[in-house]
Amino acid sequence: MKRAIKSWAAVIGFSAIWMAASPAPGPQAQAALPDYLRIELKRLEETWNVLDQFAGRVWPGWKGYRDVPFLFEYPNGVRMLVGHPSPTDEFVLVSGVEVQGKKIHLDRKNEIPLALKPPITGGGGPLNIGKDKPVQTVWLRLAPMAEEPEAKEKPGHAEQKDKETGPKIPPGASETQILINIHELFHVFQRSVYQYRFGNLQYNTDANYALYSEVEGLALERAYLSKDESAAREALMDFLDARKSKRASMTELEQNQESEEDLMEGTAVYSTTMTLELMKSGYKPAIGKTDDPFFFGFSDAAALIEKELETLRTARADSMDARMKCYPYGCFQALLLTRLFPGWQEGFFQAKTLLDLKLQEKLGLSDKDLAAAPERLKERYPLTELKAKHDEVIRRRDDALKMILDRQGRVYVVSFKPTGEYLAPKAKDKPYKVGLINIFPGGIENIDLRDVHFTGSRTPMIEDQLYYVKWIDTEDRPKGPGVKGYTLVFAAKEGEDVYRDAEFKTAGFTLKAPKIRVQDSKARVKVTVLSKLK
Amino acid sequence: MKRTYMGRTYPPQTSEVWIGESKTYLREGAVVTITRPDLHKRWIVNQRTKKYLEEPYPSPPSAPPQKAPFRIQEYGWDYEPVYEWSAKATGEAAVIDGRTCEKIVLTGEADYGSEVREIWIAKDVPVDLPAYMSQILEPNLEAALVPLYRETSLLRSGLAVKTVTTMERPIAHPIVYENVLTKVEKTDAPSGTYDLPPGFTPAKTREEWSGR
C-alpha cells in the first residue's frame, strides 16, 4: 500500500509539471461529458478539497486520499473510472479529460438510452479491482434521487424556500454525496492500518437484543447531549451495561463482529461528522454553483450533524436491525471518546482494540463493575415499556417467518438482477426482515423499475438476495400436460424462452416488462427481467 | 485453470493427475491427494507445510451430518444455491489441441443463481476413463452432478479438454473459470509418485496440516 502511494505521488508530480507546460485538459474538456458525469467529477474535486483542509485533524495520519481511484456505476449501464492505474479491458480512456491530473476511463459497453437527471446519489464501498494491478478503489453505485416532491424542486427554488423555513441543504444536495465519498475514503484509509479480524456481522435480533440495544442508543444520546462531564461518563457506563445485557444470546464471534462493525462503520461516520464539526470554524469550497447547481457550500453543517443524531434515534428504536445500528453507535462512541479523552486515536487502529473496549478502559471499568447492569438500568430507563414494544415486533416477525417457511406449492421466482438495480418493493402491510430476506405477509403492492411493472395480490411473498422476488402458489390447481399456473402474453418470441413486451400473470402477481426469460422446470418457474427499457 | 472476475483474469493454476493401476495422484497448487486402494488409504499432502493427513479409503459410510438446531439469529444470511441440473449435447464439434471434441452444456438453475458449464469432450485420449471417473472426477464433483455424469454417455465417453464454467451468484458479478487440458500422455509415473514424500510427517489436526 505504501509503495503504491509513493508511485502515485510520482505520477501526480509528473502530471503537475506536464500540465504547466501544456494546454490544460480540465474544465473545458470536462464540459464535453454528460452533465451527470461532469457534476460527479466536480463533487470528487470538492471531496479532495474538503479533506485537504480537515483530514489530518479528523484522524492523525490520514493522507493518501487523493491517490484512491473511484469507480462510479449508473443505472444506464455507464461506468466511470477515475485515477486507476490499471483499468480492465472494458474501460476506454476519455482523451483530453482529466480531473486534477487523474485520467478518466469510461465503460459504455452496456449503456442503454436511459436519461439520468441530477441530482444523483448512491453508496458503495472499497473494492480491490484492476486488470494487472488491483488497487483499493472506492466503488459507488449511483442513481437519480427518487422523484419525491422535495427532490423535484429545482435547487434555486429549494434554496429560496429554505431561507424562509427549512434547512439550507435540501435533499439531493451534493453535500450528501461528498460526505459519502469521504466515508468510503476513510474505509480505504482504515484498511491501510487495520484489517477486519472477525468478518461482517450477520445477526438477526431477538427481543432481549432489541430491548437493550435501544437502551444503548438512549445512553449514547444522553451522554452526547449531556453538558456535564460526569453525567456523560455515567451514561457511557449505562451504554456498556446495556451492551453486556444485550449480548446474552450472541456468540463470542458475533459480539466481536458487532464491536468491529462499530469500529469500521462508526469511525467512517465519525470521519464525516468530525469534518462537519471542523467546518464550523472555517471552510473554503473549491467549487461553486456554476460547477454544480446542487452544491450549497456546506452552508448548514450543523443541520447535517443534527441528522446524525436523528439517525441514532431512528436506529435505536428499530427492533429488527443489528448491523445498521453500528454506524451511529460507533460514531457516537468515537465522538464521546474525542470529547472526554482527547488524543485517543493515536495508535488506536494499530493497537487492534475496539471502541467499546477503549471506552471501558478509559472509564476504568472492569467486567465486574458491569455485572449488576439490569437492576441499575431499570432505575434509569423505561425497560418495561421498551420491552413490551420490542417483544411485540419480534413476535410478529417470528410468526411471519414461520408462515413463509410453512408454505408449500409451486415456486415462482422473479429475478431483477440483470437490471442492475436493487429492489424497493412497496409493501401492502408491514414487512419483516430476517437476514437478507424481506417478508411481506400481506404481499407486495408494486415494484416499478423504469418500464418494468410488478403488481402483487394480497398473498405472502418475499424479497431475497437484493434482486429477487419469490412467491409460492399454495393453491391446488389443475394439473396435466400443457396446464400451467400462469399466462404469458407477448409481442415477440426470441429463441426458446425469451419474450418481448411481455405480460406474465399468476394468481399472485403480474409482471409487465420489455424483455423476459421464462424457465419452467420441475423445481420452479423462474422469470428473469432482461431489459428495463422499451 | 484461469479465473476471471470483474474484468480481471487471475494467474492460471495448474493441476497434475497421474492414474496408475489402482493408484492415483492429484496435485492442485500445494495440495496433493494420493489414493492407495491397495493400502486402503488416502493421503492429503501439504507440500508447503510438509505435513499430511491420512484417511481410510474407501471412506467408511459416515453418519448423516447433524443438523444444527434452528437459531433465528443466523437465519437468512447465507444462501447456498441448490441447483437443478440438466445436460444438453449441442452437436457442435471442434478440433482443440489436435483432438476432435464434442460439446455438451450442463446447466444448473437455482432459485437465486445459475451455473453453466460448456464442456468439450475428446474421446481419443490415452486415459483409463473408468479409473479417472471413479477415482478423480466423481470424488471431486458436487453430489448433485454425480447422477448426471453417470446417466449421460457423452460425459463418460472421454475427457474434458476444455471447460468454461460461468457462475452467476445471487448478488455478485459472474465468475468465469476456464479449464484447459495442456498435456495428456501414457507413460510411467516418476518413481515415488504414489508414495508419501520423504521427510513429510503426519499432522494431528487440520490446523497443523494447513499451518494456519
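**Terms and values**

Me: Which residues of helix H12 (residues 355-363) of chain A are buried, and what makes them count as such?
Reply: A:Leu355, A:Asp356, A:Lys358, A:Leu359, A:Gln360 and A:Leu363 are the buried ones. Buried means under 20% relative accessible area, exposed over 50% and partly exposed in between, with a 1.4 Å probe and protein chains only. Helices (H or I, at least four residues) and strands (E, at least two) are DSSP runs, numbered from the N terminus. The model is predicted: local features need pLDDT of at least 70, side-chain atom pairs count only at pLDDT 80 or more, and totals for chains, interfaces and linings use all residues. Residues are numbered from 1 along each chain as its sequence is written, chains are lettered from A and ligands numbered from 1 in the order written, and side-chain values use heavy atoms, without hydrogens and water.

Me: What do the buried residues of H12(A) pack against?
Reply: They pack against helix H8 (229-246), helix H9 (252-279) and helix H11 (326-340) of chain A. Contact means heavy atoms within 4.5 Å.

Me: Why is B:Val127 called partly exposed?
Reply: Its relative accessibility is 22%, so B:Val127 counts as partly exposed. B:Val127 lies in the loop between strand S10 (113-122) and H1 of chain B. Beyond its neighbours within four places in sequence, B:Val127 is in contact with B:Ile19, B:Tyr132, B:Leu159 and B:Val184.

Me: In what order do the strands of the open sheet of chain B run?
Reply: The 6 strands follow the order S3-S4-S5-S6-S7-S13, with mixed pairing. Strand S3 (15-20) and strand S13 (201-202) are the edge strands, each pairing on one side only.

Me: How much area do chain B and chain A bury between them?
Reply: About 2,900 Å², 49% of it on carbon and sulfur atoms. Buried area is the accessible area (1.4 Å probe) that two parts lose on being put together, summed over both. B:Trp77, B:Asp111 and B:Tyr112 supply 26% of the area that chain B buries against chain A, more than any other three residues.

Me: Why is the pair A:Lys417 and B:Glu168 called a salt bridge?
Reply: The rule asks for a side-chain nitrogen of Lys or Arg within 4 Å of a carboxyl oxygen of Asp or Glu. The side chains of A:Lys417 and B:Glu168 meet at 2.7 Å, N to O, so the pair qualifies. Across the interface the rule finds 7 salt bridges.

Key: Pairing = 2+ DSSP bridges.
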